[in-house]
Amino acid sequence: MIPIVTAEEMYAIDREVAERIGISADSLMENAGQALFWALKKRIPPAAKVAVLAGTGNNGGDGFVIARMLKSYGYETDVWLVPPKEKVKGAARTALEVYERSGYAWIAYEGKERELAALLPHYDIIIDALLGIGVKGDVRPPYKEIIEQVNRSPAVVYAIDVPSGVPADGGEAGMAVRADATLTVQCPKLGAYTFPAADYYGELTVVDIGIPPAAVQAKAAARFLWEKSDVVRTMPKRTRSSHKGTYGKLLIVGGSKAMAGAVTLAAKAALRSGAGLVTIAVPEAMYEAVANRVPEAMCRLWPAEGGAFAGAADWDGLEIDAIAVGPGMGRTEGVRRLVNELVRQPVPLVIDADALFFWGDYAELVRERSAPTVITPHPGEMARLLRRPVSEVERDRFGVSKRLAMEYGVYVVLKGPYTIVTAPDGAQYVNATGNPALAKGGSGDVLTGIVAAFLLQHEAVQPAVSNAVFVHGKAADWLVQHGHSSWDVLASDVVDALPAVLTSLT
């Protein structure tokens, strides 16, 4: 897991490293610049003409170290110092002086504004070391004009830590560098995983500069990027002595006359994800519509009214270890009563789709549950739960998820690009798999099935949920890499891709 931090947390980490651990700011900057250089060296062709654009702060200091190393390795490199030299302070000043004592020259931007504007289109590589994580509000001249010129340049643009002008904690960016790739220092910043800020990053690479993990743990909230290595580490292993009962009995409740496919997608996904026994509970009028779609699942017919659930559940002889409720149910009065009954069942519960519509009716019951509860809203559903505009949810995805999870003691899966899984203790785990192919009806139903199946098989809830989200996104990635476009993928294709993804992880 890679920690994700706010700008304030990153500053606190730097202070912790310098004041308590004892690594000086000068040493830390040298470590950062060296590590960034080696990451860049893999990407920059030896014959490339490079421009390093440096500002006053730590970002500029990193740029000086990178430039020194580039020159030392024979790269044709121009260093443009945008502010007057006397404004460069602290560790950045030390890095600039080391650069000078190494025998290398730099170009003062002041007085040569037109020269930079004329040269920028002719560089192959531009390294953005202008502004770091401290940016607040609109970018002012001369940085505004330089950023405009960088964005018009045909050069490949590498941003250091964050693209200049992008708020580190996310939100709207006015004038900001649109990087082809961003090399972020030690810990990704919040804005790398929230939009619109994330649109400016390009490919994101995390560069470890040697900050001791203890410093991060001491000063940052529990907020992590959940990686493939975490999935492999926590995926359960199947034993030869196991049988279908070993992997749990899952009840998926959903479907209505108008939406017969959703519950079957969830069931197929659950079976593909290893659930031992799956039973679909549907309104009795839907038997013919669903019975043959998933022959491996059992079908339970519950009373219907107007093509949807009438509100009563038939538990006679039904043994279950977990429930998933919501796909395609509709929003009738009968559905409302049924969801309220299901929330009272003492087994792990996944609540999705239409079942979330009635959150206000049963939220207090959820708070009292002892078995794990997972809710999987998309931003629109989250906005309805919180009675806030969607725009407000999107601006504060981490904050709203954390508050809801901790208030009700639930696991919140806030779906979308960079889905966030938040545990009841407030710890958060970001998923980076997936692509726009998932922006299609039925994708959420597939995820519900995977989450429910993994809950039955994992020892701990958070890895189960995070692994399910990872696998769901990875299936979409696999499809786009193997003959599909992000336009044509169907939810059923995602189910069909699960075997290839699971094979790569287990």
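Which residue in β3 is the bridge partner of alanine 51? I found that it is aspartate 78. Before going on, I noted that this is a predicted model, in which local features need pLDDT of at least 70 and side-chain atom pairs count only at pLDDT 80 or more, while totals for chains, interfaces and linings use all residues. Residues are numbered from 1 along each chain as its sequence is written, and side-chain values use heavy atoms, with hydrogens and water left out.

**Entry 1: the open sheet**

Strand β2 (residues 49–54) and strand β3 (residues 76–81) run parallel and are joined by six bridges. Here helices (H or I, at least four residues) and strands (E, at least two) are DSSP runs, numbered from the N terminus, and two strands pair if DSSP finds at least two bridges between them.

I then read off the whole order: β4-β3-β2-β5-β6-β7-β8, seven strands in an open sheet with parallel pairing. At the edges I have β4 (107–108) and β8 (203–207), each of which pairs on one side only.

Next I looked at what covers the strands. Helix α2 (residues 25–41) lies across β5 (125–129), β6 (156–160), β7 (181–185) and β8, and it runs at about 155° to β7. For such angles, axes are lines fitted to C-alpha atoms, for helices over the stretch in contact, and the values run from 0 to 180 degrees between N-to-C directions.

**Entry 2: glutamate 16**

Is glutamate 16 buried or exposed? I find it buried, because its relative accessible area is 11% and buried means under 20%, with exposed over 50% and partly exposed in between (1.4 Å probe, protein chains only). This glutamate 16 sits in helix α1 (residues 7–21). Leaving aside neighbours within four places in sequence, glutamate 16 is in contact (heavy atoms within 4.5 Å) with Ile21, Ala215, Ala218 and Lys219.

**Entry 3: α16 against α18**

Two packed helices are described by the angle between their axes and the distance between the axes. I looked up both for helix α16 (residues 443–457) and helix α18 (residues 491–505): about 35°, with the axes 8 Å apart. Ser443, Val446, Ile450 and Phe454 of α16 make the contact with Ala491, Val494, Val495, Leu498 and Leu502 of α18. I sorted these residues into eight nonpolar, one polar and no charged. In that sorting, Ala, Val, Leu, Ile, Met, Phe, Trp, Tyr, Cys and Pro count as nonpolar, Asp, Glu, Lys and Arg as charged, and the others, Gly among them, as polar.

I checked two helix lengths, taking the expected span as 1.5 Å times one less than the number of residues. The twelve residues of helix α9 (residues 261–272) should span 16 Å, and its end C-alpha atoms are 16 Å apart, so the two agree. The 21 residues of helix α17 (residues 461–481) should span 30 Å, and here too the end C-alpha atoms agree, at 30 Å apart.

In α9 the buried residues are Ala262, Val263, Thr264, Leu265, Ala266, Ala267, Ala269 and Ala270. They pack against β10 (249–253), β11 (277–283), α10 (287–290), α16 and α18. As for α17, 17 of its 21 residues are buried.

After α9 I came to glycine 274, with a positive phi near 100°; after α17 comes glycine 483, also with a positive phi near 100°.

I also looked at β10, where four of the five residues are buried. Five bridges join β10 to β11, and the two run parallel; lysine 249 has leucine 277 as its bridge partner in β11.

Most residues other than glycine have a negative phi, and most peptide bonds are trans. I listed some exceptions.

- The bond from proline 141 to proline 142 is cis, with omega near 0°, and proline 142 is in the loop between β5 and α6 (143–152).
- The bond from phenylalanine 195 to proline 196 is cis, with omega near 10°, and proline 196 lies in the loop between β7 and β8.
- Glutamine 186 has a positive phi near 65°; it is in the loop between β7 and β8 and counts as buried at 10% relative accessibility.
- Tyrosine 418 has a positive phi of about 60°; it is in the loop between β18 (411–414) and β19 (420–422) and counts as partly exposed at 23% relative accessibility.
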